Amino acid sequence: MNPVRSLILAAADHDAVRRAVATAPVSRRVVRRFVAGETVAEAIDATAHLVEHGLRVTLDHLGEDTADRRAAERTVQTYLALLDQLHDTGLAVDAEVSVKLSAVGQALSERLALTNASRICAAAEQGGMTVTVDMEDHTTTDSTLRVLAELRRTWPSTGAVLQAYLRRTLDDCHELAGSRVRLCKGAYAEPASVAFTDPHEVDLNYVRCANALLAGGGYPMFATHDPRLVEIVAERARWHGKAPEDFEYQMLYGVRPAEQARLAAEGHVVRVYVPFGEQWYGYLTRRLAERPANAAFFLRSLVSR
Ligand code: FAD
């Protein structure tokens with residue numbers, strides 16, 4: 001294992017470190033900047049605030065890699081409560097949810113993940129919302145795309161996520177270009193056998209994939225904070241004759257908020273990915289550990305706008 005990753009994971013696993021991170025004033029500020037809160041009510045407040053400022057939202061209940069049926073059920077119940085609240089507060093028109101299949105039982109069985117994701121999709125549809133199925137590490141890509149294809153038989157607007165760092169992704173983009181697809185760079189530590197490891201190669205592939213999605217008749221969702229890619233996407237979208245409502249930008253809660261506001265003010269659709277839930281500690285430390293570049297990514301956010 002990469003030594004930086006081992007170090008972060010080992011340190012993060014200590015109770016003393018966990019307590020210090022959870023209570024230190026600076027880290028609490030960091031957490032609150034990147035995580036909307038622990039409860040559905042706090043997630044709703046954050047959503048209302050963003051929507052008031054002209055942004056759309058996709059909400060993620062934190063918690064991955066569930067190997068416990070009851071934990072998967074609790075996740076489903078939280079999503080159902082959240083969707084109810086979004087509907088009741090009139091936020092449904094600007095909101096949707098993002099779901100990690102590993103949080104709803106994928107490690108136990110693909111069928112359980114499909115059943116649980118279907119319950120979330122059904123509730124979302126009832127409230128006038130959509131679901132996007134997050135993409136996790138490459139060992140789950142085929143399974144996730146199979147579940148997605150099943151979900152789309154009943155809910156065709158269910159969103160896919162494709163990761164530009166995977167060598168397979170341009171083919172997947174051609175396959176899915178007629179549908180709702182989020183394109184991101186990818187957040188997991190992947191081997192060179194399946195992923196581009198040179199950041200420049202990843203960026204080049206992001207542009208190739210963006211072109212493929214824009215050429216299709218679907219709805220591409222460009223998830224990146226990278227200023228060059230944001231600009232290239234805008235230029236490519238114009239070249240493909242796309243109107244601002246034909247695609248959207250997506251960024252993470254607390255990351256480049258000024259840029260989110262600027263793009264929205266220019267007339268672009270901008271959706272903010274809002275994570276919430278008690279399992280924020282794992283979210284932050286795993287993000288840092290999975291890919292050392294992410295440590296810089298989070299730290300940079302403290303000093304830049
Ligand atoms: P990076 O390569 O991290 O950064 C490129 C450049 O962007 C930097 O050089 C800098 O100029 C600028 N920049 C980046 N961050 C900052 C900052 N904080 N402040 C100022 N400038 C900055 N990954 C998955 O694997 N699966 C998913 O389902 C998934 N969903 C996502 C959903 C959304 C909405 C977003 C935004 C990301 C998602 N990701 C997902 C994470 C994604 O794959 C990347 O790991 C993450 O977004 C970092 O890549 P980047 O494109 O922002 O650029």
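Two strands pair if DSSP finds at least two bridges between them, with helices (H or I, at least four residues) and strands (E, at least two) being DSSP runs numbered from the N terminus. What you have here is a predicted model, where local features need pLDDT of at least 70, side-chain atom pairs count only at pLDDT 80 or more, and totals for chains, interfaces and linings use all residues. Residue numbers start from 1 along each chain as its sequence is written.

**View 1. Strand β2 sits between β1 and β3.**
Strand β1 (residues 56–61) pairs with β2 in the parallel sense over four bridges, and D60 has S98 in β2 as its bridge partner. Three bridges join β2 to strand β3 (residues 131–133), again in parallel, and here V99 has V133 in β3 as its partner. β2, α6 and β3 together make a right-handed β-α-β unit (clockwise from first strand over helix to second, with the strands pointing away from the viewer).
Five of the five residues of β2 (residues 95–99) are buried, so the strand is largely enclosed by the rest of the structure (buried is 20 or more other C-beta atoms within 10 Å, exposed is 12 or fewer, partly exposed is in between, with C-beta atoms placed from the backbone). Look at both faces of β2: A95, V97 and V99 are buried on one side, and E96 and S98 are buried on the other.

Skip the neighbours within four places in sequence, and L183 is in contact with L162, A164, Y206, C209, A210, L213, P220, F222 and A223 (contact is C-beta atoms, placed from the backbone, within 7 Å).

**View 2. β4 next to β5.**
A160 and L162 point one way from β4, V161 and Q163 point the other way, and all are buried. Four bridges join β4 to strand β5 (residues 180–184), and the two run parallel. The chain gets from β4 to β5 through helix α8 (residues 169–176), in a right-handed β-α-β crossover.

Strand β6 (residues 219–223) runs parallel to β7 and is joined to it by three bridges, with F222 standing opposite Y249. Between β6 and β7 the chain passes through helix α10 (residues 227–239), and this β-α-β crossover is right-handed.
Strand β8 (residues 269–276) also runs parallel to β7, through five bridges, and Y249 stands opposite V270 in β8.

**View 3. The shell around the ligand.**
Zoom in on the ligand and you find 24 residues surrounding it, of which C184, A223, T224, Q250 and Y273 are the closest (near means a C-beta atom, placed from the backbone, within 6 Å). β4 (160–163), β7 and α13 (292–303) are the elements that give two or more residues to the shell. By class there are twelve nonpolar, seven polar and five charged residues (nonpolar: Ala, Val, Leu, Ile, Met, Phe, Trp, Tyr, Cys and Pro; charged: Asp, Glu, Lys and Arg; polar: the others, Gly among them).

F196 lies in the loop between β5 and α9 (199–215), and it counts as buried because it has 21 C-beta neighbours inside 10 Å. Not counting residues up to four places away in sequence, F196 touches Y165, R167, E201, V202 and N205.
R256 is in the loop between β7 and α11. R256 is buried, as 20 other C-beta atoms lie within 10 Å. Check its backbone too: phi of R256 is near 50 degrees, a positive value in a residue other than glycine. Most residues other than glycine have a negative phi.

**View 4. A149 on helix α7.**
A149 belongs to helix α7 (residues 141–154) and is partly exposed, with 13 other C-beta atoms within 10 Å. From A149 to R33, 116 residues apart along the chain, the C-alpha atoms are separated by 35 Å.

Key. Contact = placed C-beta atoms within 7 Å.
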